[in-house]
Amino acid sequence: MRMNRCNSGTDSKGGLAGFSSLDGRRTVIAVCAGSLCGRTVRYVMKALQIVFAGLDLWMEAHLARAVYCVMDVHYGAPGTGSVLRHECVLRRTGCRLRIRWREREKIMDEHIYMRRVIELAHKGEGWCHPNPMVGAVIVKDGRIIGEGYHARCGELHAERNAIASLRESAKGATIYVTLEPCCHYGRTPPCTEAIIEQKIARVVIGSRDPNPKVSGGGAKVLREAGIEVVEDFLRDECDALNPVFFHYITTKTPYVIMKYAMTADGKIATKTGASKWITGGEARGRVQQMRHACMGIMAGIGTVLADDPMLNCRIEGGRDPVRIICDSTLRIPAESAICRTAQEIPTIVVSAFPELPDGEIAAAENPAKSAVSPAPEAADAASESKTGAESIYSKIRSLQQCGIRVFNIPDRKDPENSRPDLAELMKQLGKLEIDSILLEGGGTLNESALRAGIVQEVRAFIAPKLFGGQAKTPVEGGGVSVPDEAVQLEYKSAERIGEDLMVTYRVKK
Ligand SMILES: NC(=O)c1ccc[n+]([C@@H]2O[C@H](COP(=O)([O-])OP(=O)(O)OC[C@H]3O[C@@H](n4cnc5c(N)ncnc54)[C@H](OP(=O)(O)O)[C@@H]3O)[C@@H](O)[C@H]2O)c1
């Protein structure tokens, strides 16, 4: 039997089939153009028929009675679909051609490996904060021999998890990683060390690590150890995994996503303030996923008083974000759902009392010592203020007894502003390692957040409804006078979710 190798695949438009002849010259036999949508298999089959016909002719020309070939069939455009390796034997008896054809193994190309790595990285969503989502796959001789992802902050990184899953030596293998391997001692030892120890020959990296402790250092260490390093492979897709990490690691403040649900006429509640529900179940399910993915969720006291929300994550196996309520004068009722559940779900209430010290009010703090003394020239005002301070502290204590942490962040730069300084709040939350916040405010807080420049992304859920009337909108406040003064957004994507639409924008700075 003569050995032959035959390749078949599809290009982006349809099927591409070919085989290499015995003398090594590759002959493309057929190209079948056409749309891939739903017709891939038909086009691949068509391409294969043409390959077989071509082989038949080739056998005739070479007076061969039988031919054995290995055929790689791409289903889908190269890099996006699966590649199945087949063995086939063609025999000629007279004018008849018999084909025996069986699937041998699934093989993949580099794009498919990296897409698998991205898929793995997603498994860490919601759990690995403030670390990035990272995946890793180790490939040897066209086979995946190890896989891993970064599951939780403080636990092994993706590369080390992939190495731990190895079923055979990784010597000479290629590792695919969504993010440049770290080269410094953090909560875990450097991944570059593990890659070098395993004698891995090649590292294919998606995103560069903007962490100043890494930033090109990982790739450099690997190259210095004689390892081939490929950078920026499917970089856009890998970067899309970690906008939160990229923002947090460089600014030390949370990545804020302003999310709202509105009607097609731009209303987030009816004229009576009712907002349950604007969007359908599927869109609300997506919001639950976003709550799981973000470390914090923030709303204003207006929303708490109007809706008495829980602001938790209701998906099975999901994680509750830290709830942050902006409430300048601590109007939050003790019987609210937030207060009642604060022992179970971490909750922060942010006030803005200029007469109180800045930052977190410690639970054991002595109110008499902590309150700033009133001006000596106004004795009456002083005693009134003391009473005021005492009543504030008594409210703070009762919130703390509910399990709530109270942060006082008055706007020291603008004494006219009686509400918390949101830019300063972001710095304080960043120190608590809160790297991402889902802003589910009403229009008042949303407007302040945009004005303070703390919002990075906007997600508008648009329901196919019209409320009309004097109802609240996603962004209240004074508004701008001319279109040029608008907050500028850059369109990212739009997705239909059930009957609703989710449009994502990046806020231009
Ligand atoms: N459809 C949706 O997606 C959606 C989402 C949320 C809310 N809503 C609806 O929106 C309505 C509530 O709107 P809202 O505007 O009153 O709610 P909000 O923006 O959540 O709360 C506003 C209040 O937050 C307090 N606040 C604290 N710090 C602030 C700051 N730095 N900047 C601005 N405000 C600050 C202010 O009260 P103090 O001065 O007392 O602190 C302010 O009045 C409700 O009808 C609710 O159902 C709809």
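Before I show you a pair of residues, let me say that two strands count as paired if DSSP finds at least two bridges between them. Please keep in mind, too, that what we are looking at is a predicted model.

With that in hand, take strand β15, residues 347–351, and strand β17, residues 404–408, which pair in the parallel sense over five bridges; within this pairing, valine 349 of the one has valine 406 in β17 as its bridge partner. Both strands belong to an open sheet of 10 strands with mixed pairing, and the order runs β16-β17-β15-β14-β13-β18-β12-β19-β21-β20. At the edges sit β16 (359–360) and β20 (489–497), each of which pairs on one side only. Lying across β12, β13, β14 and β18 is the helix α14, which runs at about 140 degrees to β12.

Let me turn to the ligand, which is surrounded by 31 residues, the closest being Gly300, Gly302, Ser328, Gly442 and Ser448. Two or more residues of this shell come from each of β12 (255–263), β13 (296–300), α9 (301–307) and α14 (443–452), and the largest share, five residues, is given by α9.

Finally, a word on confidence: the mean pLDDT of the chain is 85, with 82% of its residues reaching 70 or more. Over residues 1–38, however, the pLDDT is below 50, although this stretch has 97 contacts in the model beyond near neighbours in sequence. Residues 368–379 also have pLDDT below 50, and there the corresponding number of contacts is 10. Where pLDDT is low, the predicted coordinates should not be read in detail.

Terms used: Residues numbered from 1 in each chain as written. Predicted model: local features only at pLDDT ≥ 70, side-chain atom pairs only at ≥ 80, totals over all residues. pLDDT = per-residue confidence, 0-100. Contact = placed C-beta atoms within 7 Å. Near = placed C-beta within 6 Å. Helix = DSSP H or I, 4+ residues; strand = E, 2+ residues; numbered from the N terminus. Axes fitted to C-alpha atoms, helices over the stretch in contact; angles between N-to-C directions.
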